[in-house]
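Please read this short report alongside the sequence and the 3D view.

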Amino acid sequence: MRSGGFRLGWDKGIILLLVLLIVFGGMSDNLFLSGDNINFIIGDVSEVMLIAFAMALLIIVKEIDLSVASNLTLSSAVIGITWHGTNSMWLAVIAGLLTGSTCGLINGLLVTRLGLSSLAVTIGTLALYRGLCYVLLGDTPVADYPTEWTDLGYQPIPGTFLPWVVVPMVVAGLAFWYVLHGTRLGRWLFAIGQGDEAAVFSGIPLKRVKLSLFVLTGFMCGLAGLAYTIRFASSSPDGALGFELLVIAAVLFGGVAIAGGVGTIWGVVAAVLIWGFSRSYLQLAGWDANALVIVSGLLLLVSVAVPRVLSKIRDAAAHRTSRPSSRGGVTPPPGGEAEPLSPAVAGHDQGSHRG
Amino acid sequence: MSTHLLVIEGAYKRFGGVQALNGAALTVDRGEIVGLLGENGAGKSTLVKTLAGLHALDEGTVDLDGQPFHQGNPRSARDQGIAIIYQEPSLFPDLTLAENVYVGQQPKSGGRVDWSTMVTRTAELFAGLGIDLDPRRQARGLSIADQQMVEIVKALSVEAKLIIMDEPSAALSAAEVERLLAVARQLRDQGRGVIYISHRLDEVFELCDSVTIMRDGATVASAHVADVDNAQIVRWMVGREITDMFPKVAAEIGEVVLDVKGLSSRGEFHDITFTVRRGEIVALAGLVGSGRSEVVRTIFGIDGFDTGTITLEGRSLARHTPAQAMAAGIALVPEDRRLQGLFMPSSIAHNTAITVLGRLRRGLLLRTSSERKVATDWAGRLQLKYASIDDPVERLSGGNQQKVVLSKWLATDPTLLIVDEPTRGIDVGTKAEVHRLLSEQAARGTAVLMVSSDLPEVLGMADRVLVMREGRLVEEIPRAEATQERVMTAAAGAAA
Amino acid sequence: MMTKLLRVRELPILVALLILLLLTGILNPAFRTGDGLTAILIESALIGFLAVGQTNLIIMRHIDLSVSSTAGLVSFLVGSYSMNHGGVTGGVALLIAIGVGATVGIVNGALVAYLGLPSLVVTIATLYIVRGIFNYLAAGITVTADQLPPYFSWIGSGEVLGVPDLFVFAAAAAAIMTLVLRYTRWGRDLYAIGSNPPAARRVGIPVAHREFGAFVLNGSIAGVAGLMLLSRFSFADATAGLGIELYVVAACVIGGVAIAGGVGTPAGALIGAVLLQTIAFALGALGVSQFWQQAVAGALLVAAIAFDRIVAMRSTHRAMRLVEVPV
Amino acid sequence: MTSITKKVMAVAAGAAVIVGLAVAPASATPKAGLKIAIIPKAINNGYFTAWNKGAQKACKEIKATCKYIGPTQATGPAQVAFINQAIQQGYNAIVLSAADQNALAPTLKKAKAKGICVVTSDADVADPKTRTAAVLPASSDRIGAAEVDWIAQEVGSKGKIAILSAAATAANQNAWIEAMKKQLAAKYPNMSLAGVYYGDDDATKSAQQFNQILTEHPDIAGIISPTTVGILAAAQEKKSKGAKVAITGLGLPSQMKDYVLDGTINKFGLWNPIDLGYVGTYGAAECASGNLKQATGAKLKAGGKTYTEGPNGVIYLGDPFTFTKGNIVTFAKIY
């Protein structure tokens with residue numbers, strides 16, 4: 001269900017941009033496409049990618065979650081605490097994923113049961129979950145994870161140059177692609193994004209779908225927290241600061257419309273990879289870290305402005321067929337005036353038939 | 001300076017597929033109330049929007065008070081002295097009533113907004129019209145009738161020359177209608193022009209000095225109220241053979257499908273009891289706001305209810321969700337096509353298939369191709385006019401949009417099909433097709449429950465007519481005895 | 001006349017603030033000496049001042065996250081100008097502050113008001129871009145007190161009857177903006193736009209111009225806030241103002257400015273800022289451990305947001321829901 | 001360690017600095033043409049600008065090409081990208097001030113696997129196996145003890161003191177704080193620690209925490225701030241509020257000059273970041289040339305001075321200098 005005018009083109013355009021970047025980068029700097037560098041880039045973007053999948057679905061149904069970074073760090077903290085408590089990494093991993101999902105559940109309940117704006121709620125839970133990280137860890141990060149786990153963080157999959165984290169990324173990517181573009185739930189998400197009320201009238205369980213999306217986002221934060229913990233072989237309360245705006249920027253840059261109802265998983269994947277590869281390329285080319293921040297800001301702006309300008313031009317062109325422009329203009333007459341009972345005519349009166 | 005306050009001649013306006021105005025004309029004098037009549041879709045609200053400055057005519061002239069009317073700008077329309085009272089007025093919920101009246105033109109003293117004058121002036125205007133509302137209270141939570149009073153006072157605050165009332169009485173009680181008509185007469189006596197749009201001919205006869213009748217975008221007649229009678233107006237309004245409008249296919253009435261007993265929901269409706277049988281078309285008639293939509297929403301599971309039972313084919317439904325209603329075999333074609341019926345930016349294929357996705361999955365993947373097949377199949381059956389099945393539905397005309405909503409629900413093969421105002425705001429041609437479809441569906445054994453405010457449609461289609469008034473089921477009339485007077489009496493609670 | 005300003009909406013948070021202050025006063029003697037109160041006021045001055053501009057935008061259902069970068073950039077530019085030119089006059093400082101701030105505001109305003117882009121997305125982008133430019137210029141450079149003219153630290157540390165100059169400045173700005181919003185047509189238009197955007201257009205309010213104006217004003221305010229940062233710490237480096245944008249929004253929300261628009265005043269937002277700061281201080285004064293403070297503050301913020309919604313839900317009669325009917 | 005010997009060492013260390021600057025470079029035993037990456041905690045920090053000056057000086061002397069690369073935010077994860085850059089671009093050695101004690105371990109292991117020498121300078125990592133050597137100012141105990149001694153002199157060895165630190169997870173600060181607690185318990189029975197407050201190396205938060213300390217403990221006698229950002233914010237707050245509390249800790253002379261001259265602060269200390277950068281770079285160069293291993297007692301010649309590795313390859317440059325009215329002006333010019 002990828003209608004929505006020009007947006008259709010954007011998610012193709014962004015894949016082209018990625019290919020160009022890789023080809024151009026590879027030619028001009030042979031280190032850029034070395035196995036090691038790709039291994040690093042994949043690891044570098046792994047947490048953003050994992051959370052971006054779920055965030056994309058949330059934004060498609062016109063919701064948002066600013067608490068993802070704190071959720072990630074809290075899950076990592078719980079993994080640390082449980083590891084110390086039970087000395088079993090498997091229990092710790094489960095505890096971490098449960099923590100993430102619970103944080104997502106809390107966001108979901110506040111939004112769907114209390115009808116709060118998800119922006120306002122998750123600004124609050126962003127501070128709450130970050131605070132809980134300090135409650136759990138205080139000033140002592142956890143760093144004594146077993147080496148067979150932390151080795152996963154930097155040793156590639158035997159025989160390849162890919163980091164182990166690529167496995168959950170690919171599995172999650174395929175799963176989210178399948179859910180969004182190949183299942184009934186996916187059609188429902190686009191429907192909710194394009195018309196809350198119409199969705200309810202089409203039998204779509206709106207509240208339950210949105211609640212499960214918040215829990216799913218929380219779960220993915222837990223998973224990303226695990227990946228983060230392994231990648232840095234430690235859990236500390238000040239991890240992933242300012243991460244949430246990064247994830248949202250990537251999702252929007254991937255073609256998901258903030259107004260909801262439009263978006264693709266491959267667009268988001270391409271956007272995250274572009275962010276990772278361009279950062280690495282500019283860094284290898286000696287650009288200053290601050291320049292990278294400017295570039296990501298500009299890319300986000302372009303991703304939103306270009307489709308808007310083109311749709312305005314398309315509307316202006318379409319205006320000749322007097323189709324009113326969608327922004328602020330008048331939509332065609334609504335489904336007719338609400339019409340009271342008209343005592344106009346008795347069923348059988350043979351009105352004079354004219355024309 | 002010409003004697004007329006407003007002269008519109010040769011007005012043409014097209015919206016995408018729909019020719020909304022097709023040579024309309026209208027004349028209003030100062031101190032005159034003109035009744036503007038016509039079936040829905042006749043172009044009345046397009047004319048109103050032109051005068052409101054929300055869009056400009058493709059062709060035609062509009063002269064106000066002797067000067068050409070500057071079109072296409074709401075602010076200048078207001079400055080030129082035109083005020084509109086909408087049937088569902090939309091005020092600023094967070095602002096006080098005084099502010100709502102003076103929004104954008106607050107009285108100033110010493111360079112700053114003068115709150116006290118604003119409040120006192122609003123109070124005066126309220127008193128002038130016999131309204132006892134506190135100008136300082138917030139607009140949020142005001143009844144529709146009181147909201148309209150605020151809109152009227154807003155018109156008075158700008159010394160409006162021409163006041164257009166677009167079906168203002170639709171959602172009002174009898175007492176509130178009386179107050180409205182008295183206010184309209186006051187406006188006329190103050191030398192202002194008033195255009196009164198309504199379907200209630202009794203009000204038109206009681207209030208208006210002259211009437212102008214529109215049909216299919218054109219003005220077909222206008223005359224002094226004294227020179228015409230009810231039947232003549234109707235003939236002008238309808239102007240086509242009634243019978244072919246309602247092709248009633250004989251259907252064999254089977255056993256009870258829907259059985260509603262003592263259904264009540266506080267503040268909406270009370271003690272509703274009725275049945276719908278297989279192959280039968282039952283019409284739910286009554287004035288807007290009499291609770292009919294609320295009843296069908298509850299049956300479909302959108303809203304909850306306090307007491308009573310709903311049984312479908314023997315299985316009772318309580319605190320059920322729309323999804324459960326659909327599983328039980330109920331389908332609801334909702335009242336508002338744009339907000340409740342369709343996903344406007346999405347394609348015909350996606351809109352049609354959204355209710356039957358469960359059945360479409362072949363293997364692991366739900367392919368768009370299977371959605372296209374279902375949509376193309378139904379588009380054919382309903383003779384939908386479209387370029388490609390992937391076109392967004394917002395490009396279709398009103399009639400074709402309604403066909404997509406119908407195919408979306410017929411695709412679920414329902415045992416009970418509920419339709420809420422099925423033919424509102426669509427062209428006459430499609431109307432007949434929709435009626436044919438409904439009766440064919442009934443003939444195939446589906447129970448049909450139709451909520452409609454279009455009396456010809458009610459009388460033409462229904463096997464039984466249930467009339468609701470102020471949330472109660474007041475009368476059940478079999479088809480043979482159903483006449484205009486009887487339905488109207490039951491609906492309006494007053495002699496037609 | 002002031003009482004009319006703080007209508008019902010701001011009352012609950014004012015009461016909450018007074019209770020909290022009382023509680024901490026009792027439990028911690030330092031408060032009674034007024035030191036604690038002064039400290040709270042100086043801390044909330046910056047967030048409160050930024051909340052004044054942000055309120056106008058939230059009332060119209062918009063948001064501007066780029067304020068922290070703008071303030072940081074201005075604090076550095078003025079600081080380095082003074083470092084390289086042996087001092088900076090008040091006029092030049094203001095010129096730089098308002099010039100840079102208004103420019104960012106114009107970019108944000110044009111993209112949101114005239115191109116119709118969502119304000120959350122645009123201002124995240126400008127947050128990054130301005131922060132990037134700021135850090136690029138400020139890499140490794142720190143401006144210290146001796147490189148700044150004395151009047152900066154004099155303002156930063158000055159007090160009037162125990163109330164820090166900066167807070168007086170923020171309070172004045174909040175009062176003026178509250179009066180502007182209440183007593184000018186420009187101000188009333190903002191509430192109308194936020195309360196029912198289609199109806200505002202229908203009544204002929206120039207919605208796009210108002211939005212653009214509010215963004216430019218907010219940018220300029222963020223610029224001047226940069227000067228406050230500089231005078232507050234007589235120190236400017238690349239971390240100036242980092243991450244305060246969400247606190248500004250939180251202060252507005254707690255101060256009664258509803259995210260849904262149409263409601264709230266800058267005075268309320270300033271009180272919200274003071275309340276946020278008081279919570280932080282009270283927790284410390286009550287002996288709550290450092291590590292618990294942020295968790296408790298976060299929980300209180302969620303509670304305030306939920307409380308605001310519960311009050312709103314109960315006051316509207318469900319049956320009479322006013323329908324926003326687009327024409 | 002009596003205070004006298006401490007004074008002697010301080011003078012010796014001070015001499016080393018001046019000597020290091022003036023004397024001609026010793027025989028350049030490390031190979032020429034090495035590629036060394038200089039990675040600070042964050043590039044936008046004055047302290048590390050000075051640190052880098054020392055490193056670049058060493059690079060010129062040993063004719064190595066050195067690049068100063070690093071993140072804008074002082075966190076471990078942010079540094080990883082730049083360590084990776086060094087690995088990708090085939091640098092021979094890395095001189096690193098670790099922003100996080102643990103988070104860099106996996107990446108440093110990768111660097112070691114690629115044969116890249118890693119020497120930490122200014123801030124060390126927890127696992128000594130992940131780097132060859134660490135050039136640190138002085139042992140945390142010595143630094144912690146010195147700061148307690150300074151504040152004790154200010155408050156006459158009695159009363160309540162508080163600590164205004166950097167981030168809660170900053171490894172070297174936490175080590176110094178432990179040492180301060182030990183020193184208080186051992187030497188100053190009638191002095192007590194009111195609490196540890198975290199300014200996160202952010203000027204705004206540090207100022208807020210300073211006010212928080214004054215509010216919670218109006219009778220506070222002294223505040224130790226073992227971080228350049230914290231001590232500067234504290235000095236500024238004390239001056240603007242006219243508070244009476246004594247302040248000391250670790251600060252950059254150039255940033256603190258005014259506050260020493262006007263008496264807001266009487267005494268504070270720091271080592272010379274230039275030294276750390278300088279000796280660290282030599283360590284990295286020697287390792288890359290195969291001359292330096294991690295072994296207790298191993299020797300490192302840098303700028304005419306010889307340093308010996310302690311256990312876990314840690315080299316201490318000596319106690320922090322103390323700055324007072326007398327020597328603040330000269331030092332303020334250096335860093």
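Into which domains is chain B divided? Chain B consists of domain 1 (4-91 + 142-238) and domain 2 (243-492), with bounds that come from an automatic or database domain assignment. The centres of these two domains of chain B, taken over C-alpha atoms, are separated by 32 Å.

This is a predicted model, in which local features need pLDDT of at least 70 and side-chain atom pairs count only at pLDDT 80 or more, while totals for chains, interfaces and linings use all residues. Residues are numbered from 1 along each chain as its sequence is written, and chains are lettered from A and ligands numbered from 1 in the order in which they are written.

Chain D has 11 helices and 14 strands, where helices (H or I, at least four residues) and strands (E, at least two) are DSSP runs, numbered from the N terminus. Its radius of gyration is 20 Å, close to the 20 Å that the globule rule gives for 335 residues, so chain D is as compact as a globular protein of that length; the radius is taken over C-alpha atoms, and the rule is 2.2 Å times the number of residues to the power 0.38. Along its principal axes, the C-alpha trace of chain D spans about 55 × 40 × 35 Å.

Chain C touches chain D through 29 residues of chain C and 25 residues of chain D, two residues being in contact if their C-beta atoms, placed from the backbone, lie within 7 Å. The helices of chain C that each supply at least two residues to this side are tabulated here.

| Helix of chain C | Residue range |
|---|---|
| α4 | 35-59 |
| α7 | 119-138 |
| α8 | 150-157 |
| α14 | 266-285 |

The largest share of that side of chain C, four residues, comes from α4(C).
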